[in-house]
Amino acid sequence: MANLSDESRTTLNHQLRIDEGNVLHVYMDSLGLETIGIGRCLATNGLSKAECDHLNLGVYTKQAVIDALKVRGITQDEADYLLSNDIDTAINSLFTNLPWTVSKPEMVKIILLNMTFNMGIGSLLGFHTTLGLIKAGNY
């Protein structure tokens, strides 16, 4: 993505792998939500049709996907693919909702993207004071 350097994307990818772990079967996360791979919450995010096709699942509804993944799990390549998509989603969400973040230093972008990945953009947007300070360059 043009608004995040390749080096920063690699750093974010590495951080998320440490933070989330890497589990190739469906498990319950700390909130009791069905999750797989490197922090892909199936209960809230599910898989897109393109992702279902990439994984050759043959099913598309959220529960059918979860049930199929409980049986087959995923490969490391599939976990990497899902993480890459999740990073793209976080980047698009952050830069669309907070366009001023594009001009911030790379480390600030990485931190905000990590937060977006973990909390979702809706929760991040609730940090009014923090975001105001970051926008003003007070970090």
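**Notebook: main pocket and cysteines**

I looked up the largest pocket and got a volume of about 630 Å³. A pocket here is an open set of points on a 1 Å grid over the protein atoms alone, where a 1.4 Å probe fits, with protein on both sides within 12 Å along at least five of seven lines. The volume is the space filled by probe spheres set on the points, which are joined across faces, edges and corners.

The model is predicted: local features need pLDDT of at least 70, side-chain atom pairs count only at pLDDT 80 or more, and totals for chains, interfaces and linings use all residues. Residues are numbered from 1 along each chain as its sequence is written, and side-chain values use heavy atoms, without hydrogens and water.

Next I listed the lining (residues with an atom within 4 Å of a point). I find 26 residues in the lining, with Gly39, Cys41, Asn45, Phe117 and Asn118 nearest the pocket centre. Two or more residues each come from β3 (40-41), α4 (76-97) and α5 (106-119). Helices are DSSP runs of H or I, at least four residues, and strands are runs of E, at least two, numbered from the N terminus. The largest share, five residues, belongs to α4.

Then I searched the whole structure for disulfides (cysteine sulfur pairs within 2.5 Å) and found zero. Cysteine 41 is buried at 10%. Cysteine 52 is buried at 1%.

Note on methods. Buried < 20%, exposed > 50% of the residue type's maximum accessible area, 1.4 Å probe, protein only.
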